[in-house]
Amino acid sequence: MKLPVRKSAATAAVVASLLAGATAFTTGTASAADGPDIQGLSCGFDHRNPPPTVQAGSTGNTVKEAQCLLRFWTGLQLTEEEPEGVFGPDAASATEFFQGRRGLPPTGVVDARTWAELRHS
């Protein structure tokens, strides 16, 4: 069955729009005009290995992942006092907020249950 040209053009436009959106989700290149910040979807982590607990004073790549996901889910804003890769009071506060919203005990510590929510929600 052959679709009329008008419907085919509309379908092509919708598909192109969806593909552009999917590309933004996978590459993390969406602009503010595209809606919410989607950087959290490209934080880069390995599902095969459970991450260690992250808490105040923790540093390193696991903290960067936690901060990236918290930025996505809560709007965490890092300051000069709390650079990327250093888990400080701002990240702990964002973690407590996130945990409270997800029905988890608001401890401010990114434990196994919190990782599961951050990664798979």
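Reader: What share of the 121 residues is buried?
Author: Buried residues are 26% of the 121 in the protein. Keep in mind that this is a predicted model.

Reader: And the accessible surface, what does that come to?
Author: About 7,800 Å² for the protein. Carbon and sulfur atoms account for 58% of that surface.

Reader: Switching to secondary structure. How many helices and how many strands?
Author: Four helices and zero strands. From the N terminus, the order reads α-α-α-α.

Reader: Now packing. At what angle do α2 and α4 pack?
Author: About 55°. Helix α2 covers residues 61-74, and helix α4 covers residues 112-120. Their axes are 10 Å apart.

Reader: Is the crossing left-handed or right-handed?
Author: The α2 and α4 crossing is left-handed.

Reader: Which residues meet there?
Author: From α2, Thr62, Glu65, Ala66, Leu69, Leu70 and Trp73. From α4, Trp115, Leu118 and Arg119.

Reader: How does that contact split by class?
Author: Six nonpolar residues, one polar and two charged in the contact of α2 with α4.

Reader: Last topic, contact range. Counting contacts between residues at least 6 apart in sequence, what percentage joins residues at least 24 apart?
Author: In the protein, 43% of those contacts do.

Terms used. Residues numbered from 1 in each chain as written. Predicted model: local features only at pLDDT ≥ 70, side-chain atom pairs only at ≥ 80, totals over all residues. Heavy atoms only, no water. Axes fitted to C-alpha atoms, helices over the stretch in contact; angles between N-to-C directions. Helix = DSSP H or I, 4+ residues; strand = E, 2+ residues; numbered from the N terminus. Left-handed = near helix turned anticlockwise from the far one by under 90°. Contact = heavy atoms within 4.5 Å. Nonpolar A, V, L, I, M, F, W, Y, C, P; charged D, E, K, R; others polar. Buried < 20%, exposed > 50% of the residue type's maximum accessible area, 1.4 Å probe, protein only. Areas by Shrake-Rupley, 256 points an atom, 1.4 Å probe, with all protein chains shown as cover.
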